[in-house]
Amino acid sequence: MMSYYNLLIQNKEKNTPLLAVLIDPDKMNVKQVPAFVEKMHKSPVSIILVGGSTVLKGVTEPLVKALKKHTQNPVFLFPGDVNQLTNEADVLLFLMLLSGRNPEYLIGQQIASVPFLRDSALEVISTGYILLDGGKETATMKVTHTHPLPLTDIQLIKDTAKAGELIGNKLLYLEAGSGANHPVPSEVINAVREEVSIPVIVGGGIRTEAALLEAIKSKADMIVIGTAFEQDINFFETLQNLVISKTI
Ligand SMILES: CC(C)=CCC/C(C)=C/CC/C(C)=C/CC/C(C)=C/COP(=O)(O)OP(=O)(O)O
Ligand SMILES: O=P(O)(O)OC[C@@H](O)CO
Ligand SMILES: [Mg+2]
């Protein structure tokens, strides 16, 4: 079978983004999974990200197991820490927090995950994670004790993204922060996309059709929505007519 990373690369060539839902295991229990998946299957969402900045140990695995029981869509772990690892998922976004200067999130958590990953079949994808100012203090900032990059310094954002690519990151995630007041602006997405050749994921604060259209127009390779679905499961219905790649 082809790797999910190769599918992401293939999709990039189509210039149409993939749409992912982010599920925070602290906010969804296994009983809610069937109804959620049913709605998702009627929408263009093709990837499920699972993770949170603070998740209790032991809750991620049963949730992923329940998801895999009800859907064929791939589950990508998007973990805030090593306790969120489970072999029930398909892919691990192996994050390094490029925007911060906290060694625990640059290399500490990555080393701590090796005893688990050594015997794991998860597809591990090195992902440079860049926090950008989304207009409010987010959980990720608090947990990592780091500041996001200011939107006024596009050159710094581009240089950070390029450094990630040169280090060997295979994906970049531009993050305005869960529940951000404003999503990553299209100028920033465009600037990064011109700077690097690896796929670019964008998320944080996308909760309207207009914001989604903006991210699509900027040619983000994958768009992630979490809070909008947490607040209203019917948000799936607003996605019907968007130009989005429906399969991965
Ligand atoms: C390599 C391993 C095992 C883990 C990576 C550890 C790193 C570098 C994490 C990056 C920093 C971090 C804490 C990212 C969290 C990403 C995430 C899942 C954000 C979603 O945030 P929510 O937890 O939904 O925030 P709210 O609770 O405020 O909605
Ligand atoms: O919850 P929202 O604001 O949609 O953000 C999704 C994701 O980028 C958070 O890490
Ligand atoms: Mg959240």
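The largest nonpolar core comprises 64 residues, and among these A20, I130, L174 and I223 touch the most other members. A nonpolar core is here a set of buried Ala, Val, Leu, Ile, Met, Phe, Trp, Tyr and Cys residues joined through C-beta atoms within 7 Å. A residue is termed buried if 20 or more other C-beta atoms lie within 10 Å of its own, exposed if 12 or fewer do, and partly exposed in between, with C-beta atoms placed from the backbone. The model is predicted: local features need pLDDT of at least 70 and side-chain atom pairs count only at pLDDT 80 or more, whereas totals for chains, interfaces and linings use all residues. Residues are numbered from 1 along each chain as its sequence is written, while chains are lettered from A and ligands numbered from 1 in the order in which they are written. Residues up to four places away in sequence being left out, A20 touches V45, I47, I48, L49, M222, I223 and V224; contact requires C-beta atoms, placed from the backbone, within 7 Å.

Strand β6 (171-175) is mostly covered, five of its five residues being buried. Helices (H or I, at least four residues) and strands (E, at least two) are DSSP runs, numbered from the N terminus. In a regular strand the side chains alternate between the two faces of the sheet. In β6, L171, Y173 and E175 point one way and L172 and L174 the other, and all are buried. Strand β5 (residues 123-131) runs parallel to β6 and is joined to it by five bridges; two strands are taken to pair if DSSP finds at least two bridges between them. G128 has L172 of β6 as its bridge partner. Strand β7 (residues 200-203) also pairs with β6 in the parallel sense, over four bridges. Within β7, V200 is the bridge partner of L172 and I201 that of Y173. Both faces of β7 are covered, with V200 and V202 on one side and I201 and G203 on the other, all buried.

Ligand 1 is surrounded by 27 residues, of which G51, G52, G80, A139 and S178 are the closest. The elements that give two or more residues to this shell are β4 (91-97), α4 (103-112) and α6 (139-144). A residue is assigned to a shell if its C-beta atom, placed from the backbone, lies within 6 Å of the molecule. By class, the shell around ligand 1 divides into 12 nonpolar, 13 polar and two charged residues. In this scheme Ala, Val, Leu, Ile, Met, Phe, Trp, Tyr, Cys and Pro count as nonpolar, Asp, Glu, Lys and Arg as charged, and the others, Gly among them, as polar.

Around ligand 2 there are 14 residues, and S178, G203, G204, G226 and T227 come nearest. Two or more residues of this shell are given by each of β8 (222-225) and α10 (227-231). The shell around ligand 2 has six nonpolar, seven polar and one charged residues.

An unreviewed UniProt entry carries a "binding site" annotation that covers Y173, L174, E175, A176, G177, S178, G179, G204, G205, G226 and T227. UniProt positions are given in the numbering used here, feature names are shortened, and annotations may be inferred rather than shown by experiment. A176 is found in the loop between β6 and α8 (186-195). A176 is classed as buried because 26 other C-beta atoms lie within 10 Å. Sequence neighbours up to four places away being left out, A176 touches L132, G134, H182, P183, V184, G204 and G205. G179 is found in the loop between β6 and α8, but is partly exposed, with 17 other C-beta atoms within 10 Å.

D24 is placed in the loop between β1 (18-23) and α2 (33-41), and counts as buried with 23 C-beta neighbours inside 10 Å. Beyond its neighbours within four places in sequence, D24 is in contact with G52 and G226. S53 is found in the loop between β2 (47-50) and α3 (60-70). S53 counts as partly exposed, with 18 C-beta neighbours inside 10 Å. Leaving aside neighbours within four places in sequence, the contacts of S53 are G80, A139, T140 and V143.

Notes
Two residues are in contact if their C-beta atoms, placed from the backbone, lie within 7 Å.
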